[in-house]
Amino acid sequence: MLQAATTTIFQMAAGFHALSDPLRLQVVELLRERELCVCELCEQLEVSQSKLSFHLKTLKEAALVRSRQEGRWIYYSLNLPQFAALEQYLAEYRRFSPMLPVRRCQDDP
């Protein structure tokens with residue numbers, strides 16, 4: 001049980017880390033509409049392929065995007081189940097965490 005919880009924590013951390021960069025968020029926004037190849041992403045984001053590759057790798061490692069190769073092109077799309085997992089993780093806090101009043105330290109008057 002502990003190993004499964006630890007794995008989940010690392011998956012969630014990777015997902016939130018991947019979403020913490022403005023360029024990666026722009027990639028996600030573009031992929032919301034449709035699958036795109038690297039050249040289309042580079043053109044729309046006005047970035048080099050080497051810079052974009054670094055960010056796509058981060059998104060792939062977090063399982064937020066999928067890739068498929070067709071000929072010499074690689075196409076990317078969103079992995080929606082992983083976004084649902086991040087959303088569910090956050091929803092658990094809203095549903096099951098009690099809203100406790102602020103507790104003052106004993107040194108405070």
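**View 1. Glu35 and its salt-bridge partners.** At 29% relative accessibility, Glu35 counts as partly exposed, a class that lies between buried (under 20% relative accessible area) and exposed (over 50%), as judged with a 1.4 Å probe on protein chains only. Glu35 forms a salt bridge with Arg68, and the closest N and O atoms of this pair are 2.7 Å apart; a salt bridge here is a side-chain nitrogen of Lys or Arg within 4 Å of a carboxyl oxygen of Asp or Glu. The pair links distant parts of the chain, since Glu35 sits in the loop between α2 and β1 (36-37) while Arg68 belongs to strand β2 (residues 65-70), 33 residues apart. Arg68 is partly exposed as well, with a relative accessible area of 36%, and a network of salt bridges links Glu35, Arg68 and Glu70.

The model shown is predicted, so local features need pLDDT of at least 70 and side-chain atom pairs count only at pLDDT 80 or more, whereas totals for chains, interfaces and linings use all residues. Residues are numbered from 1 along each chain as its sequence is written, and side-chain values use heavy atoms, with hydrogens and water left out.

**View 2. The salt bridge of Arg34 and Glu40.** The side chains of Arg34 and Glu40 meet in a salt bridge, at 3.6 Å from N to O. Arg34 is partly exposed, having a relative accessible area of 44%, and Glu40 also counts as partly exposed, at 25% relative accessibility.

View 3. Glu61 and Lys57 join their side chains in a salt bridge of 3.1 Å, N to O. Because they are four residues apart in helix α4, Glu61 and Lys57 are separated by about one helical turn. Glu61 counts as exposed, at 56% relative accessibility.

**View 4. The packing of helices α2 and α4.** Helix α2 (residues 22-33) and helix α4 (residues 49-61) pack at an angle of about 75°, with their axes 10 Å apart. This angle makes α2 roughly perpendicular to α4, a term that covers angles of 65 to 115 degrees. Leu23, Arg24, Val27 and Val28 in α2 meet residues of α4, among them Leu52, Phe54, Leu56 and Leu59, where contact means heavy atoms within 4.5 Å. By class, the contact of α2 with α4 has seven nonpolar, two polar and two charged residues.

Conventions. Axes are lines fitted to C-alpha atoms, for helices over the stretch in contact, and angles run from 0 to 180 degrees between N-to-C directions. Helices (H or I, at least four residues) and strands (E, at least two) are DSSP runs, numbered from the N terminus. Angles under 35 degrees count as roughly parallel, over 145 as roughly antiparallel, 65 to 115 as roughly perpendicular and the rest as oblique. Ala, Val, Leu, Ile, Met, Phe, Trp, Tyr, Cys and Pro count as nonpolar, Asp, Glu, Lys and Arg as charged, and the others, Gly among them, as polar.
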